[in-house]
Amino acid sequence: MKPLKLELQAFGPFAQKQTLDFSALEGARIFLITGETGAGKTTIFDAIAFALYGNASGESRRPQSFKSHHAKENDLCAVSFTFSIRDSVYRIDRAPAQTGLKRDGTVKDIGEKAELTLPGDDVVTGAKAASRALEDIIGLTYSQFKQTIMLAQGEFKRLIESNSTQKQEILSKIFSTTIYGSLTDAIAARETALEDSIAATQKDIARVLRELADLGYQALEGDDASFKSWDVINDAVTAAIVQHEARMAQIEADIAMFEKEKSGVDIAAAKAFNEKHDRLSALLQALEELDSRRVDMANLKKKHGFLCSAHDLSKREEIILSTKEMAENLAQRITALESGRPSLDAAFDSAAHRYSLLPSLQNEVEQINESISVLTRAQQAAARRGALENNLNAGKKRLEDARKDLAELTDALQYLREMRHIDELRKTRAQISTYLSAKEKIAELSDAYAQDSATAAALTRQYEAGRASVIALSLKEGVPCPVCGSLHHPSPAQMDAAMPSEKDIEALKNQCEEILSQIKELTLHADVIYDSLYASGMIADTLLTSGNKDILAALLPEIDARLAALVDQVTGASQNRAFQPGLETIESLEQKIRAREADMSSAREAIAVLSQTLDNEETPDATVLNAEAQIPVLKEKVLLLNLTMRQYQEQYIKAKSDLDKHTAELDSAKQHHASLSGQFTTLRARFVEQLKTSGFAGYKEYEQYKKQIADIPAIASQLAEYDQALSAHKTQAALLREDVKDRPKYDIPHMEALLARLDAQLSHLNQTKFALHTQIDVSKKRLGEARALYEKSGALGREYASAHELSILARGSRSPHISFERYILASYFEDILQVANIHLQRMTGMRYSLKRKEDASRGTSGLDMDIIDSYTGSRRGISTLSGGESFKASLALALGLSDIVQMYAGGISIDTMFIDEGFGSLDEKSLDSVIETLISLESIGRIVGIISHVPALRNYIPAKLVITQSPTGSHARFKVQ
């Protein structure tokens with residue numbers, strides 16, 4: 001990830017829009033971020049981290065506090081960050097949740113917003129969606145980003161200062177190894193689940209055996225039944241089932257015999273046969289009655305035919321009469337239309353004549369409009385000339401007012417600049433005094449530290465020498481020495497009465513640490529003052545770096561003299577000032593002066609333009625000065641003429657439309673009348689022909705039948721009922737004759753008595769069979785269930801043994817007492833230390849290297865480490881390192897972590913690193929080695945940004961991002977020397 005451009009708006013101390021274009025580094029890949037305390041150096045890191053992940057670079061700051069206190073309420077806080085990964089360019093625009101103003105001035109809440117622009121201009125919107133997409137693009141989570149790319153102030157030391165448990169929390173987030181911890185928990189949960197399943201299975205076995213005992217298996221009674229083997233239980237139950245099955249086979253044979261006898265007695269069939277005898281007699285009687293009505297039905301069917309013919313002819317007759325009526329109505333309409341035609345022709349001729357007058361009326365309107373235009377232009381020219389004269393006079397007054405304001409503002413600006421110079425001199429004098437006091441105090445504390453350190457070292461040597469006498473007091477002849485192992489002790493060491501105690505040495509060391517802490521605090525304070533003096537430009541850099549207190553002290557009288565001279569000058573000049581500034585600032589006065597100068601320039605240009613325009617403007621002709629009275633009269637005349645023309649047009653269009661409509665309606669009526677007359681003649685001829693062929697004797701007989709048409713449905717229903725009844729009775733009688741075949745009826749009471757006796761015998765046998773079948777079925781099911789439970793119990797026992805062993809190993813309950821997740825992390829940690837030692841040995845002249853502890857006796861070990869000192873060949877704890885050594889070890893470990901994350905995170909590209917502070921604890925030699933290490937990162941293509949107050953870094957790093965603060969907010973710019 002390489003930064004290309006960072007844009008801030010109302011973010012932190014940056015109130016105005018701030019754009020940082022990293023191309024301004026001009027190829028430099030390591031740059032220093034410098035500025036006064038509180039100017040906003042760390043804010044640059046916060047802005048990048050917030051743009052990418054929605055969080056600050058450090059955990060102490062929250063996005064809700066990002067909005068600048070210098071900004072206005074309606075200025076919205078936002079960040080835009082453009083970066084590249086492997087030649088692909090991305091842009092993320094993000095704004096935190098904040099408050100703003102509505103149009104009515106009330107406060108409103110605005111939610112977090114984000115928009116990610118991908119290569120090819122695809123866009124991802126929404127804060128969560130953009131953060132997920134960026135995490136995939138960069139290849140690092142927020143936690144990994146803070147440990148590999150953006151090393152925030154104090155945070156990158158957490159890894160070296162933390163214990164194994166704390167390191168596991170850090171590394172597990174970076175390398176996403178929590179899955180292994182989850183796997184360990186899953187294994188333990190599986191072990192517990194198997195244990196519970198075994199107990200539940202044993203409980204089910206006992207239950208099944210109790211249920212078998214309840215079925216009468218005496219061998220399974222008693223509390224010891226569940227301890228019997230599966231073979232004993234299976235043999236006992238199986239033998240009893242065989243006996244029950246033999247008895248049930250005999251019962252089934254008896255049931256089959258009685259069922260066979262019962263099947264020969266079918267009472268229902270006998271009753272059905274007797275019913276067929278009765279139905280056949282009834283059908284034969286009904287057929288005799290239907291046959292007696294045959295002649296009447298034939299006459300009724302003939303009448304039905306004549307009625308249907310009369311119904312068809314009546315429909316045709318209705319159509320003929322309707323056609324005749326419509327033709328007569330059309331003839332009357334045609335007569336009426338022909339009589340109204342003369343009046344329509346006269347109206348059209350009159351309208352056509354008026355329509356022909358339209359061109360002359362239109363010509364008259366155009367002539368009047370031209371006169372109105374001439375009068376209007378003359379009127380507008382007179383108004384323009386008056387307005388130009390007024391504007392010219394106003395411009396001249398504006399120019400004169402601007403001249404007066406500019407003179408007063410220039411005088412006030414000079415006064416404020418003199419007063420600012422006085423304030424800057426006073427601030428510089430106070431800073432030099434504080435700086436000299438801090439240096440004197442540092443020298444005093446350094447002497448005290450050197451003296452106490454020497455005393456502590458001497459006491460430590462004395463204490464180590466005296467420890468031999470302590471061991472000598474416990475020596476016994478024939479007992480091995482704990483140091484050399486010898487059984488003989490001819491010359492044991494003697495106790496020194498003046499030997500110091502561990503408590504005395506520890507107290508002296510704590511005192512040294514307190515003095516060293518004070519020295520560091522004073523040094524940091526002096527460095528801050530130095531940065532301020534250097535940034536102001538009022539004190540030469542060579543003077544400060546020389547450290548000559550006498551030269552610095554000699555500057556104070558010179559500054560006092562300059563202050564006195566300036567105060568006298570300002571006091572004398574202020575008595576003659578016409579304008580005394582109030583709460584104005586230099587910046588506001590400069591802005592007002594620029595505004596007045598712009599007003600003057602604008603006024604001059606406006607006066608020139610207005611003068612030229614006035615010279616070119618024509619003087620109105622006196623003959624048209626009465627346009628104001630003429631124009632309304634002419635416009636009214638145009639209005640009347642337009643109204644007349646519109647009336648003529650509407651009258652002509654209406655007359656022509658009425659005439660055309662009347663002609664079309666008359667032609668259509670004549671055509672329709674001719675068509676209806678032809679249809680009437682044809683329909684009447686067809687009716688006469690059909691009347692002849694329908695069987696009627698004449699039109700009179702047809703009219704008689706037409707009167708009875710309403711009886712058609714009733715007659716048809718009566719005929720259909722007769723035919724259906726006759727057919728159904730014949731069919732049923734034939735079928736019943738075939739079934740009966742002259743056989744006599746059955747004796748039903750005798751058959752019912754026999755069937756009752758057989759049912760009683762079968763009921764008793766079936767009840768006995770059901771009881772046996774139930775016992776056999778339940779016994780087999782319980783026996784099968786018991787078999788499955790015994791098999792399940794064995795399988796669960798074997799699986800539990802494996803799960804228990806695996807759980808012990810994953811939890812680290814057995815040597816080497818390291819959990820599965822920590823074992824994986826230890827492998828990562830070994831790789832990190834291997835790479836970190838390359839950087840650490842370079843920064844310490846091959847003196848120090850890091851080594852992981854391997855203490856199998858502690859269940860929380862695995863990620864602790866020691867420092868190897870090649871000068872003494874000893875291995876000691878990390879806590880024994882000095883502040884500068886601890887910083888170098890922390891930086892080396894952070895660089896190693898960065899390289900390993902890049903290696904294990906799918907080949908991600910870490911092209912940038914930001915480091916916030918920590919260099920103040922280094923001496924000059926250590927600083928050289930650390931900078932050399934960081935420059936080596938530059939040589940492999942990484943961009944390195946550093947925040948520090950250490951003055952010497954300015955000489956090492958020519959490229960800088962300088963941040964300056966002011967009462968209205970901070971500003972930043974790149975500066976490459």
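## A buried threonine

Threonine 912 has a relative accessibility of 0%, so it counts as buried. Keep in mind as you look around that this is a predicted model. Threonine 912 sits in strand β14, which covers residues 912-916. Skipping its neighbours within four places in sequence, threonine 912 is in contact with Met1, Lys2, Pro3, Ile149 and Ile943.

## The nonpolar cores

The largest nonpolar core is made of 92 residues, and Leu6, Phe31, Leu52 and Ile92 have the most contacts inside it. The biggest contributor to this core is helix α19 (residues 820-843), which gives 11 residues. There's also a second, separate core of 25 residues, with Phe696, Tyr702, Tyr705 and Ile712 among them.

Back to isoleucine 92: leaving out residues up to four places away in sequence, isoleucine 92 touches a list of residues including Leu52, Phe81, Phe83 and Leu134.

## Salt bridges

How many salt bridges does the structure hold? The count is 17. In one of them, arginine 91 pairs with glutamate 7 at 3.6 Å, N to O. Arginine 91 is in strand β5 and glutamate 7 in strand β1, so the pair ties together parts 84 residues apart in sequence. Glutamate 7 is buried at 15%, while arginine 91 is partly exposed at 32%. Glu7 and Arg91 also belong to a salt-bridge network with Asp93.

Aspartate 660 and lysine 656 form another salt bridge, with their closest N and O atoms 3.1 Å apart. Both lie in helix α15, 4 residues apart, or about one turn of the helix.

Technical notes
Residues numbered from 1 in each chain as written. Predicted model: local features only at pLDDT ≥ 70, side-chain atom pairs only at ≥ 80, totals over all residues. Heavy atoms only, no water. Helix = DSSP H or I, 4+ residues; strand = E, 2+ residues; numbered from the N terminus. Buried < 20%, exposed > 50% of the residue type's maximum accessible area, 1.4 Å probe, protein only. Contact = heavy atoms within 4.5 Å. Core = buried A, V, L, I, M, F, W, Y, C linked by side-chain atoms within 4.5 Å. Salt bridge = Lys/Arg side-chain N within 4 Å of Asp/Glu carboxyl O.
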